Amino acid sequence: MSAVPAESVEPPEPAWRQRAVERSTRAAKLRAEQRVQRFLDAAQELIAGKGTTDFTVQEVVERSRQSLRSFYQHFDGKHELLLALFEDALSKSAADIREKTATGQDPLARLKIAVELLYDSSKPRPGRQSPLFTDFAVQLLVTHPDQVATAHLPLLGLFTELVEEAVEAGQATSPKARRTASLIMQTAMFTAQAPAAPVGAHPSPITVEEVWAFCLGGITGGTAADTQAPATRPAAKKTAPAKKAAPPKKATSGTTAKKSTTPAKSGTRKAASRPRT
């Protein structure tokens, strides 16, 4: 009777082999990241030089000194390249705001700083062209709104954290912090980019102070003055409305005053009975 052969057990992979593969993978990843960054830098230079996103993939390839084959290994086309630039810009903006609102303030004050920074970065400036946001982002919002939402996730995450911290500190109320954060972000960004509202004969842009006051009222139900020291505000006393005094009666022309039938008090004299001197 033959014995059943024992099940073969493969020996574990040598540690040196694992290290070699990991080192090779890291090197390949690093080279890919460098190639991608060169394409992004080339596209950014073309946008800055032309003042528009109207460039070709071939121009990007030539400026980056790489091959067309390499470009399509990393990007499906020009749209994906612009989307990468858009996402990268928003990610850097979120990192900058997070750094400047990290410490030293209470949650509501940090949220105020974040709104001011986002408003300022979204505001168009004379002489500074931002076709990536004024041209591409506007088209992207119409054709690919889901991609716009994904690109804004770093900013949305930061503002959601700030709203949640303000709610936990008792400085704000919000049943859905993420939706509230989205409303605050859109208010700051789109108001900064909107044309000035006409007031009389002169345009009057909406200021960042007005934007913050609007957002603050939405999460606190009050104004900036109301949220400074709510415990010290005296309650308003209810007072009864003052009664209106009856208007004096006016004598009408063509009538004569009635003579009083009440006898004069003793010790008084009527002016008409005084003797003439």
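Author: Take phenylalanine 190, which sits in helix H9, residues 177-193. The model is a predicted one. Is this side chain buried, exposed or in between? Phenylalanine 190 has a relative accessibility of 41%, so it counts as partly exposed.

A second residue of H9 is leucine 183. Its relative accessible area is 58%, so leucine 183 is exposed. Which residue can we pair with it? The C-alpha of leucine 183 lies 9.9 Å from that of leucine 156. Along the chain, the two are 27 residues apart. Leu156 belongs to helix H8 and is buried there. H9 is among the elements that cover the buried residues of H8.

Now H8 itself. It spans residues 153-168, 16 residues in total. From first C-alpha to last it reaches 22 Å, close to the 22 Å expected at 1.5 Å a residue. Its buried residues are Leu155, Leu156, Leu158, Phe159, Thr160, Leu162, Val163 and Ala166. Besides H9, their cover includes H4 and helix H5 (107-122). Just after H8 comes glycine 170, with a positive phi of about 75 degrees.

H5 deserves a stop. Leucine 108 is found in this helix. Is leucine 108 buried or exposed? It is buried, because its relative accessible area is 9% and the cut-off for buried is under 20%. Its C-alpha is 8.2 Å from that of glutamate 165. The sequence separation of that pair is 57 residues.

Alanine 137 is itself buried, as are Pro131, Leu132, Phe136 and Leu140. What do these residues pack against? Their partners are helix H1 (15-50), helix H4 (78-100) and helix H7 (145-151).

An α-helix has 3.6 residues a turn, so residues three or four places apart point the same way. In H6, buried residues include Leu132, Phe136 and Leu140.

One backbone detail lies elsewhere. Arginine 65 is in the loop between helix H2 (57-64) and helix H3 (68-74). It has a positive phi, near 60 degrees, though it is not a glycine. At 76% relative accessibility, arginine 65 counts as exposed, because exposed means over 50%.

Finally, the whole chain. It holds ten helices and two strands. In sequence order, the pattern is α-α-α-α-α-α-α-α-α-β-β-α. Of its 277 residues, 26% count as buried. The accessible surface is about 20600 Å², and carbon and sulfur atoms hold 55% of that area. Among contacts with a separation of 6 or more, 65% join residues 24 or more positions apart.

Key
Residues numbered from 1 in each chain as written. Predicted model: local features only at pLDDT ≥ 70, side-chain atom pairs only at ≥ 80, totals over all residues. Heavy atoms only, no water. Helix = DSSP H or I, 4+ residues; strand = E, 2+ residues; numbered from the N terminus. Buried < 20%, exposed > 50% of the residue type's maximum accessible area, 1.4 Å probe, protein only. Contact = heavy atoms within 4.5 Å. Expected span 1.5 Å × (residues − 1). Areas by Shrake-Rupley, 256 points an atom, 1.4 Å probe, with all protein chains shown as cover.
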